[in-house]
Amino acid sequence: ITADMLVNLGRQYELSQKNVHPAFTAINSARNYMLGHIEEKITIKQLAEMSNYSESRFCILYKRFYDSSPIEDLLSARIEKAVSLLGYNHMSVTETAELCGFSSINYFINVFSKSVGETPLRFRKKSKE
């Protein structure tokens with residue numbers, strides 16, 4: 001057995017333990033809703049209510065199950081969608097930001113730049129070359 005196999009077995013065991021946790025189904029359902037509605041304004045309060053947990057407990061469980069916060073997950077999904085849209089259509093950056101759930105163009109540019117390493121406009125220009 002190689003070291004990689006042991007690491008993979010350990011990860012599979014961890015995931016199986018998360019899946020049997022009594023809260024996993026509720027948290028996962030809220031996560032699926034969130035990721036299916038990334039263009040909407042979604043709050044931690046809404047997600048916590050969906051799962052019947054307090055906001056703080058919801059965030060703790062979410063982090064335990066997915067190794068990231070709900071906000072990090074949501075922003076990541078929004079940026080992934082933005083990358084796809086910027087690479088394949090001719091919408092403005094503002095329109096793209098709105099379609100991805102960002103209400104502020106400045107916030108979108110900031111989050112996109114930190115995540116991708118360049119501004120949305122520069123990314124679009126590079127993807128068209």
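Colleague: How many aromatic pairs does a search of the whole structure find?

Modeller: The structure is a predicted model. A search across the whole of this model was made for aromatic pairs, and the number found is eight.

Colleague: Which kind of aromatic pair do phenylalanine 24 and phenylalanine 65 form?

Modeller: The two ring centres are 5.3 Å apart, and the planes are at 75°. Planes over 60 degrees apart count as edge-to-face. The pair of phenylalanine 24 and phenylalanine 65 is therefore edge-to-face.

Colleague: How many residues apart are phenylalanine 24 and phenylalanine 65?

Modeller: Phenylalanine 24 belongs to helix α2 (residues 24–36), whereas phenylalanine 65 belongs to helix α4 (residues 55–66). The pair thus links distant parts of the chain, with a separation of 41 residues.

Colleague: Are phenylalanine 24 and phenylalanine 65 buried or exposed?

Modeller: A residue counts as buried under 20% relative accessible area. By that criterion, both phenylalanine 24 and phenylalanine 65 are buried.

Colleague: Why is the pair of phenylalanine 24 and tyrosine 66 tilted?

Modeller: Tyrosine 66 in helix α4 lies 42 residues from phenylalanine 24 in helix α2. Their ring centres are 6.2 Å apart. The pair is tilted because the planes meet at 35°.

Colleague: Which residues do ring pairs link into a cluster?

Modeller: Phenylalanine 24 and tyrosine 66 are both buried. The cluster joined by ring pairs includes these two residues, and its members are Phe24, Phe58, Tyr62, Phe65 and Tyr66.

Colleague: At what distance from the ring centre of tyrosine 66 does arginine 31 lie?

Modeller: Arginine 31 is placed over the face of tyrosine 66. Its distance from the ring centre is 4.2 Å.

Note on methods
Residues numbered from 1 in each chain as written. Predicted model: local features only at pLDDT ≥ 70, side-chain atom pairs only at ≥ 80, totals over all residues. Heavy atoms only, no water. Phe/Tyr/Trp six-rings, centres within 6.5 Å; stacked < 30°, edge-to-face > 60°. Helix = DSSP H or I, 4+ residues; strand = E, 2+ residues; numbered from the N terminus. Buried < 20%, exposed > 50% of the residue type's maximum accessible area, 1.4 Å probe, protein only. Lys NZ or Arg CZ within 6 Å of the ring centre and 35° of its normal.
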